[in-house]
Amino acid sequence: MPFIEMTGQTLLQIVAEGGPDPEELAKVGLTPKSIVRVNKQGDIELRRRDRWDVIGGFLGDFEERIKRETGLDWV
């Protein structure tokens with residue numbers, strides 16, 4: 001499944017434009033230094049020590065915001 005990987009800090013900049021509540025993301029362990037990835041369906045996954053956990057998701061037109069903020073494309 002294609003995804004774009006980024007830091008928690010970048011994700012927080014993206015969600016500020018519309019997305020999951022940053023306070024809720026912090027409660028599940030997201031920090032500015034976290035490694036996260038977003039798939040084309042909008043699922044946000046947080047890298048844990050031994051796995052990826054889904055911690056939220058985007059609704060609506062999020063693809064262009066993610067590509068604009070990260071400078072990356074789906075891989």
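Ile-4 stands opposite Val-38 in strand S2. This pairing belongs to a predicted model. S1, which spans residues 3-7, pairs with S2 in the antiparallel sense over 5 bridges. Thr-7 also has its bridge partner in S2, namely Ile-35.

S2 and S3 run antiparallel and are joined by 3 bridges. S2 and S3 form a hairpin, with 3 residues between them. Gly-42 sits in the turn and has a positive phi of about 95°. In total, 4 strands make an open sheet in the order S1-S2-S3-S4, with antiparallel pairing. S1 and S4 are the edge strands, and each pairs on one side only. From one strand to the next, the twist averages 30°. In a regular strand, side chains alternate between the two faces of the sheet. S2 is mostly covered, with 4 of its 5 residues buried.

Helices pack on this sheet. H1 lies across S1, S2 and S3, and runs at about 105° to S1. H3 touches S1 and S2 as it packs on the sheet. The direction of H3 makes about 50° with that of S1.

Helix H1 covers residues 8-15. Its buried residues are Gly-8, Thr-10, Leu-11, Ile-14 and Val-15. These residues are on the same side of H1, because they cover an arc of only 155° around the axis. An α-helix has 3.6 residues a turn, so residues three or four places apart point the same way. The buried residues of H1 pack against strands S1, S2 and S3 and against helices H2 and H3. H2 spans residues 22-27, and H3 spans residues 63-70.

Thr-10 is one of the buried residues of H1. Thr-10 counts as buried because its relative accessibility is 17%, and the cut-off is under 20%. Beyond its neighbours within four places in sequence, Thr-10 is in contact with Glu-69 and Thr-70.

The largest nonpolar core has 16 residues. Met-6, Leu-11, Leu-30, Val-38, Phe-58 and Ile-66 are those with the most contacts inside this core. S1, H1, S2 and S3 each give two or more residues to the core. H1 supplies the largest share, 3 residues.

Not counting residues up to four places away in sequence, Leu-30 touches Gly-8, Leu-11, Leu-12, Leu-25, Val-36, Leu-46 and Ile-55. Leu-25, one of these partners, lies in helix H2. Leu-25 counts as buried because its relative accessibility is 1%. With neighbours within four places in sequence left aside, the contacts of Leu-25 are Leu-11, Val-15, Pro-20, Leu-30 and Ile-55. Leu-25 and Gly-56 are 31 residues apart in sequence. Their C-alpha atoms are 7.5 Å apart in space.

Strand S4 covers residues 52-57 and includes Asp-53. The side chain of Asp-53 is joined to that of Arg-51 by a polar contact of 3.0 Å. Residues up to four places away in sequence aside, Asp-53 touches Ile-44, Glu-45, Leu-46 and Arg-48.

Trp-74 is found in the segment after H3. Trp-74 counts as buried because its relative accessibility is 13%. Not counting residues up to four places away in sequence, Trp-74 touches Pro-2, Phe-3, Ile-4, Val-38, Asn-39, Lys-40, Phe-62, Glu-63 and Lys-67. Trp-74 and Asn-39 are 35 residues apart along the chain. A distance of 8.1 Å separates their C-alpha atoms.

How values were computed
Residues numbered from 1 in each chain as written. Predicted model: local features only at pLDDT ≥ 70, side-chain atom pairs only at ≥ 80, totals over all residues. Heavy atoms only, no water. Buried < 20%, exposed > 50% of the residue type's maximum accessible area, 1.4 Å probe, protein only. Arc of directions from axis to C-beta. Contact = heavy atoms within 4.5 Å. Polar contact = N/O pair within 3.5 Å; in protein donor to acceptor, adjacent residues only side chain to side chain. Core = buried A, V, L, I, M, F, W, Y, C linked by side-chain atoms within 4.5 Å. Pairing = 2+ DSSP bridges. Axes fitted to C-alpha atoms, helices over the stretch in contact; angles between N-to-C directions.
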